[in-house]
Amino acid sequence: MGSVIQVEMVWSACPDPADAVAELRQRLAERMPGQTPVAAIFYCDGAYPLQSLAENLAETFPCPLMGCTSGSQIGPRGFSPGGISLLACYGEALRLKPYLIEPLSDAQRDVAAIAGDLLSKGCAPGARHFGLLLVDGLHQGEEQVAHALYHGLGDVPFVGGSASDDMRFEHTPVYFDGRFRSNAAVFGVFETPHEFMAFRVQNFTPRPQRLVITEADPERRLLIQINGLPAAEVYAEVLGVAERDLDSRLTEAHPLLVRLGEQYVVRAISRVTRNRALLCMSAVEAGVLVAVGDAQSPLAALERGFAEVRARLGETALVLGCDCTLRRRQAERANLVGPLGDFLAAQHVFGFSTHGEQFNGLHINQTFTAIALAAR
């Protein structure tokens, strides 16, 4: 099955970008003396002076490098708020080439160029490709980018996450070629001889009421009417509460579930508008069937998801994960951040808390999406 996947995960809490990158470099040198990374991924707190951080990263890690801002990172320490985390890849078993999609409105053009480049280069004997998408989460272009990638690179499975700033919604750029960029996405194409698996985990079950979206504005992610009535009215009725009582705790515990075939995907609710509409975090179109979800144990859901991964791949060497910030906030309220973080660390997860997740052609919310790589 080829060479062994060699990766190291390091983290720094230093507030100065030069000191933080130097600490990352020193920790890698101690663990992998004399070796140079062939690729790297990082996630960082947006409070850093980002241009200075970008310059230090580019100088220290001249290999293919991709990253973005994040509200918190996931690694050997579980969830780590603040600071910067970095995954360094060594050897021949995992290669990376990042591609820029900028601006997000030109995704079709850039994806066509990516497809052409991959076709011209071919694939090493016995190797296959998968992708990791990191996208600026403030320009509402995730649906367009995910759709373009899925249809333009149909044989390249991918997962992704929207860059985040812990729900402040101020500045969520992605990193490519020495600088941070807004209104952009970076799509990392990985090549490996190892088996891998794209998967997603959510922890909501649908209520039985049949709900149809009868009026929506997908571009603004507004859900205006359900069953011909104001969306907030119907949503509150299903929950058995007054509209005035709809707050973030309720909406986060009871997102909308859109039915796709025999499965459901999550559409998180950001807030109720003055016009009694529901502002969602992903687009919802008129005519779609939805249900109101009820939160179940997030840890049990992860355990089931990773059991399926082990059944297919056996032992994993690395899991690249994108976990919704809303999932972490719910875990904080339930005092589960420690157990969830410990579980993810035990599964060799490297990832971050997102403002939305991508799974092949879907942009979704309150979900854990990931690519797992087999150890052998």
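**View 1. Thr251 and the residues it touches.** Leaving aside residues up to four places away in sequence, Thr251 touches Tyr235, Ile269 and Gln366 (contact means heavy atoms within 4.5 Å). This is a predicted model, where local features need pLDDT of at least 70, side-chain atom pairs count only at pLDDT 80 or more, and totals for chains, interfaces and linings use all residues. Residues are numbered from 1 along each chain as its sequence is written, and side-chain values use heavy atoms, with hydrogens and water left out. Thr251 sits in helix α6, residues 248–253 (helices are DSSP runs of H or I with at least four residues, strands are E runs of at least two, and both are numbered from the N terminus). Is Thr251 buried or exposed? Its relative accessibility is 4%, so Thr251 counts as buried (buried is under 20% relative accessible area, exposed over 50%, partly exposed in between, with a 1.4 Å probe and protein chains only). The Thr251 side chain also reaches back to the backbone oxygen of Ser248, at 3.2 Å.

**View 2. An open sheet running from β5 to β13.** Here 6 strands line up as β5-β4-β24-β23-β27-β13, with mixed pairing (two strands pair if DSSP finds at least two bridges between them). At the edges you'll find β5 (78–81) and β13 (196–201); each has a single partner strand, so one side of each has no neighbour in the sheet. On average, neighbouring strands are turned by 15 degrees against each other, direction ignored (axes are lines fitted to C-alpha atoms, for helices over the stretch in contact, and angles run from 0 to 180 degrees between N-to-C directions). Strand β4 (residues 72–75) runs antiparallel to β5, joined by 4 bridges, and Gly75 has Gly78 in β5 as its bridge partner.

View 3. Helix α7 (residues 298–313) lies across β13, β23, β24 and β27, at about 165 degrees to β13. Helix α8 (residues 325–333) lies across β4, β5, β13, β23, β24 and β27, at about 85 degrees to β23.

**View 4. An open sheet running from β1 to β11.** This one also has 6 strands, in the order β1-β6-β2-β3-β10-β11, again with mixed pairing. Which strands stand at the edges? They are β1 (6–12) and β11 (179–181). Within the sheet, β2 (residues 39–44) and β3 (residues 65–69) pair in the parallel sense over 5 bridges, with Cys44 opposite Thr69 in β3. Helix α1 (residues 17–31) lies across β1 and β6, at about 145 degrees to β1.

Notes:
Polar contact = N/O pair within 3.5 Å; in protein donor to acceptor, adjacent residues only side chain to side chain.
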